[in-house]
Amino acid sequence: ISGLSKTSHSFVGAMNNLFTGRTKIDEDLYEELEDILIGADVGVNTTLELVERLRDEVKERKIKDPSELQPLLSEIIGDMLTNEDESHHIQLNEDGLTVILFVGVNGVGKTTSIGKLAHRYKSEGKKVVMAAGDTFRAGAIEQLQVWGERVGVDVIRQSSGSDPAAVIYDGIQAAKSRQADILLCDTAGRLQNKVNLMEELKKVNRVIQREVPDGPHEILLALDATAGQNALVQAKQFGEAVNVSGIVLTKLDGTAKGGIVIAISHELNIPVKLVGLGEKADDLQTFDTDQFLHALFK
Ligand code: GDP
């Protein structure tokens with residue numbers, strides 16, 4: 001993944017340095033590895049667990065050669081990123097409207113991700129509608145409208161300041177009457193008044209549950225990869241209001257610390273489903289564990 005080149009360069013470089021000239025696996029090596037992982041935003045807890053698992057495997061498999069650690073580490077990280085009962089794919093409703101609700105703090109790239117996802121589904125021949133449920137942030141409705149025009153998808157909107165749940169309700173009715181396949185719902189992300197925001201999100205969620213069987217089919221939380229461990233805090237806050245089913249990790253192209261993917265998947269136990277790798281319509285990819293590991297350990 002070219003958008004991972006920053007992470008790839010710094011991590012691959014650090015790994016090479018770590019193993020160059022080493023002849024044995026010792027305490028010093030483990031400590032240096034911990035520093036590299038924490039520096040890559042893997043997070044302290046996840047790093048400690050990772051290195052613990054590495055030590056255990058080294059003992060069990062009687063590994064002596066430091067060069068064997070790299071594939072082993074890749075294997076353990078792969079394991080942490082893959083949870084058997086969780087798919088990295090977006091769940092679509094095969095016989096009717098799929099509703100995807102997006103939540104996340106202002107500025108993380110929620111609206112952009114919705115635009116990109118609309119583009120993807122449109123390109124696949126699906127009928128898509130977007131609902132401008134962020135009626136709070138100045139410009140959010142217009143921004144979604146711009147994306148709608150760019151990718152050729154209708155946007156259901158009301159005026160700024162109106163009730164988000166009413167906008168989403170309108171979006172659902174419009175999507176149904178146009179026989180759309182997918183409805184993408186934007187929501188507000190202001191943190192000035194957290195309690196109100198969370199109540200608002202719950203209300204939007206209830207409207208979707210009431211109007212669409214099995215809806216929402218996905219609740220995607222957008223997190224900014226450059227926000228580091230703060231992203232974990234945000235995830236916990238949103239997780240208290242709604243049942244987040246997947247993470248959209250944005251701006252992964254803008255960081256050398258892609259290890260945040262590991263921290264998020266592992267500590268939240270929510271799969272990273274999509275990654276944002278730039279600002280253009282095409283810069284959104286389904287997260288792929290193997291590609292990610294390849295970028296880290298090529
Ligand atoms: P929102 O407030 O969460 O809806 O955030 P926006 O969608 O307005 O995005 C905030 C800024 O981040 C914009 O300038 C976007 O172009 C930019 N952005 C969003 N996703 C990505 C990404 O994956 N990579 C990069 N480099 N920029 C992004």
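What volume does the largest pocket have? In this predicted model, the largest pocket has a volume of about 330 Å³. A pocket here is an open set of points on a 1 Å grid over the protein atoms alone, where a 1.4 Å probe fits and protein lies on both sides within 12 Å along at least five of seven lines; its volume is the space filled by probe spheres set on the points, which are joined across faces, edges and corners. The model is predicted, and local features need pLDDT of at least 70, side-chain atom pairs count only at pLDDT 80 or more, and totals for chains, interfaces and linings use all residues. Residues are numbered from 1 along each chain as its sequence is written, and side-chain values use heavy atoms, with hydrogens and water left out.

The lining of the largest pocket (residues with an atom within 4 Å of a point) comprises 21 residues, and G107, V108, G109, T112 and K251 lie nearest the centre. Three lining residues are nonpolar, 10 are polar and eight are charged, with Gly counted as polar and Asp, Glu, Lys and Arg as charged. Helix α5 (110-123) and helix α6 (140-151) each supply at least two lining residues, and α5 gives the most, with five. Helices are DSSP runs of H or I with at least four residues, and strands are runs of E with at least two, numbered from the N terminus.

Polar contacts (pairs of N or O atoms within 3.5 Å) can be followed one by one. The side chain of Q143 places an N or O atom 2.8 Å from a ligand oxygen, a backbone N or O atom of V108 lies 3.3 Å from a ligand oxygen, and a polar side-chain atom of K116 lies 3.4 Å from one. The protein covers 80% of the 580 Å² of accessible area that the ligand has on its own, by the Shrake-Rupley method with a 1.4 Å probe.

Two backbone details remain. The peptide bond from G215 to P216 is cis, with omega near -10°, and P216 lies in the loop between α8 (194-211) and β5 (218-224).  D41, in the loop between α2 (27-39) and α3 (44-60), has a positive phi near 70°.

Key
Polar contact = N/O pair within 3.5 Å; in protein donor to acceptor, adjacent residues only side chain to side chain.
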